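Subject: Structure for you, with notes

Hello,

Here is the structure I promised to pass on. Please open it next to this email.

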Amino acid sequence: GGGNGNKMSTTDYLARTHGIKSRRKMYLFYYLPFFNWIRQYKLSYLKNDFVAALTIASMYIPMSLSYASNLGHIPPVNGIYSFVFNPIIYAILGTCPLMVVGPEAAGSLLTGQVVRENINRGASKDGDMEKNAQIAGAVTFMSGGIILAAGIFRLGFLDNVLSRPFLRGFISAIGIVIFIDQLIPELGLQGLANATHGVEHGSCVDKAVFLVQNIKRSHGLTAAVSLGTFAIIMVCRELKKHMQPRFPNVAYIPDRFLIIVLSAVITWKMGWDKKGLEILGDIKAKGKPFPVHFPLKITHLKYASDAFSTSFVIALLGFFESSVAAKSLGAAEKPEQNVIRNVNLSANRELVALGVANVVGGLFMSLPAFGGYGRSKVNASTGGRTPMSSIILSVITVFCVLFFLPWFYYIPKGVLSAMISVVAYSLLEEIPEDLLFFIRIRGYSELALMTLIFISTIFWNLKIGIAVGIGLSLLRVLRHSTRPRIQILGRVQGTTDKFESAERHSDRRVEFIEGVLIVKIPEPLTFANTGDLKSRLRRLEDHGTGKAHPALPPVRNKDHNRNVIFDVHGVTSLDGAGAQILMEIVRTYRGRGVRVFFCRVPSQRSNVWRLFEKSGIVDICGGREHFVHSVEEALRLTELEEVEGELAGEYEAASAA
């Protein structure tokens, strides 16, 4: 506190002590990182940032067209909008300088699922692209709102809720779903699928059956262009992977952009569009570019209610992927890329940045956009040094929307589908490694979780897979967090002050102490893990171990429970519900004539000690004398009180005689 009695925060105290005068600027630079990095920016960085932005634009703007038209079922231009607004907003608010925000396959597919559900219900139509875009905008807006609220309420720890098996099972299932989805337009069977009931909006299995039954009816030219594109991209991908260690500049080659340009030029010259090859056609936005549409109008609330659960999952998955990318890219790969100083990666500020970006994107009916590791890795490997590369990417995208959209007219849809199939393949690449890892460590519960999520997603739909995955993940978390991990301690033979778990050392190296039950509580006590504390303590009293089945009759001598010592060094926090349960346990012991002692309690200034006093635990035990610094000291107190009790008994007997 200050000298005049007013409290001062630790931050203000340290700032004043070390002569930091501009404390307001300090907070401004922290919460608006743009003002931190822009003052450090040099013109010499511009070339690298421009090259990185141009490379990303050439690779990922065509991909955004694919995500919008093939996965999101909205106009292709709305996919490009995700690169107009989101990168520049993240550059202002984000805390990872090299991360680039944009649409991802999983989020686009989930958005398309909502659009399809509304088409199935008759709320929209396949050809009503304007309404479909409005539905997608509502999904993006709500995803942004959810993640923004999470950031404001400091819920950055949520990226730890989803386990690796859940994500691997779900992402691999998404990879299969996307791959089979894209085979239909790649083989020129989209028109037949639309005409066949239950296929276009059916499950992954329905589409696989349709493909097997109708593969002979594929359109030859479309199949050749699509599968040829897929093969060329895969070959280029592998060549770049093998050549990059020796020739780093190969990363600058925009192979996918060149493939797009060549396919469009050849289609135009050869007249393939007149031979049955589907092309993008006119993808200009109706009316003025960048139309604004508020997605939560009263008339659109019916879309919003249906889309909320999917928006929540998109927000969770998007934040998790962004978090992985941000942690991986927190430090630049090369020393010369560490040009921005005083950048502190913060999960809560990341939530705010991504939330604001998607709320704004939702107003313009774009796809949900989050940080992607692959895209950000390209930014770092092609010379990107600062968030200016994201701003330049947004500017390039604006120019594309305003001036270059007519050039996209002859791009074959099959080529875009092939590009998405490559993304689906990349989602499946890590499956063998994860499977082998869990098999090697015999992680059968993780394997079962992955399998259940995978099967439910493939055989039903994405929502069922999500529900199963989140439900099972939460059950595992709750099961783990609600089990108290109390231990019975014994004294190490040949010592007086060393105590260890008697269950872990069953080799007679640890001995029980007659008349005393020593219980160690190695974790904070909350409402979640104290519900079963009474029954666990009863097992220790009856059997001397928590591993025995409760059906076993009591085998431990009750005289060994005359004194109970709680070692609460691990109880670093305690809530009201936990304090109430602990008070009831202590009161029950005292009612049975059992003496209760506590050792290694947190300091008297802590919240734990305050709750011990307020709940009455201190008084019920017998006062502060029963709260000591070590187990050894508590044992001496038990011996002293037992001797005092015996002397008092002898005195009473003598007086009665």
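The model is predicted, so please read everything here as computed from it.

Cysteines first. The whole structure has 0 disulfides. A disulfide would be a covalent bond between the sulfur atoms of two cysteines. Cys96 counts as buried because its relative accessibility is 2%, under the 20% cut-off. Cys400 sits at 11% relative accessibility, so Cys400 counts as buried too.

Next, the helix pair. Helix α8 covers residues 164-186, and helix α20 covers residues 462-481. Their axes come within 10 Å and cross at roughly 170 degrees. On the α8 side, the contact uses Phe166, Phe170 and Ile174. On the α20 side, the partners are Leu462, Ile466, Gly469, Ile470 and Ser473. By class, this contact has 6 nonpolar and 2 polar residues, with no charged ones.

Last, helix α11, residues 220-243. It has 24 residues. From first C-alpha to last it reaches 34 Å, close to the 34 Å expected at 1.5 Å a residue. Its buried residues include Thr222, Val225, Thr229, Phe230, Ile233 and Met234. Arg237 and Lys240 are buried as well. What do the buried residues of α11 pack against? They pack against α8, α12 (255-270) and α17 (413-428).

Best wishes

Methods
Residues numbered from 1 in each chain as written. Predicted model: local features only at pLDDT ≥ 70, side-chain atom pairs only at ≥ 80, totals over all residues. Heavy atoms only, no water. Disulfide = S-S within 2.5 Å. Buried < 20%, exposed > 50% of the residue type's maximum accessible area, 1.4 Å probe, protein only. Axes fitted to C-alpha atoms, helices over the stretch in contact; angles between N-to-C directions. Helix = DSSP H or I, 4+ residues; strand = E, 2+ residues; numbered from the N terminus. Contact = heavy atoms within 4.5 Å. Nonpolar A, V, L, I, M, F, W, Y, C, P; charged D, E, K, R; others polar. Expected span 1.5 Å × (residues − 1).
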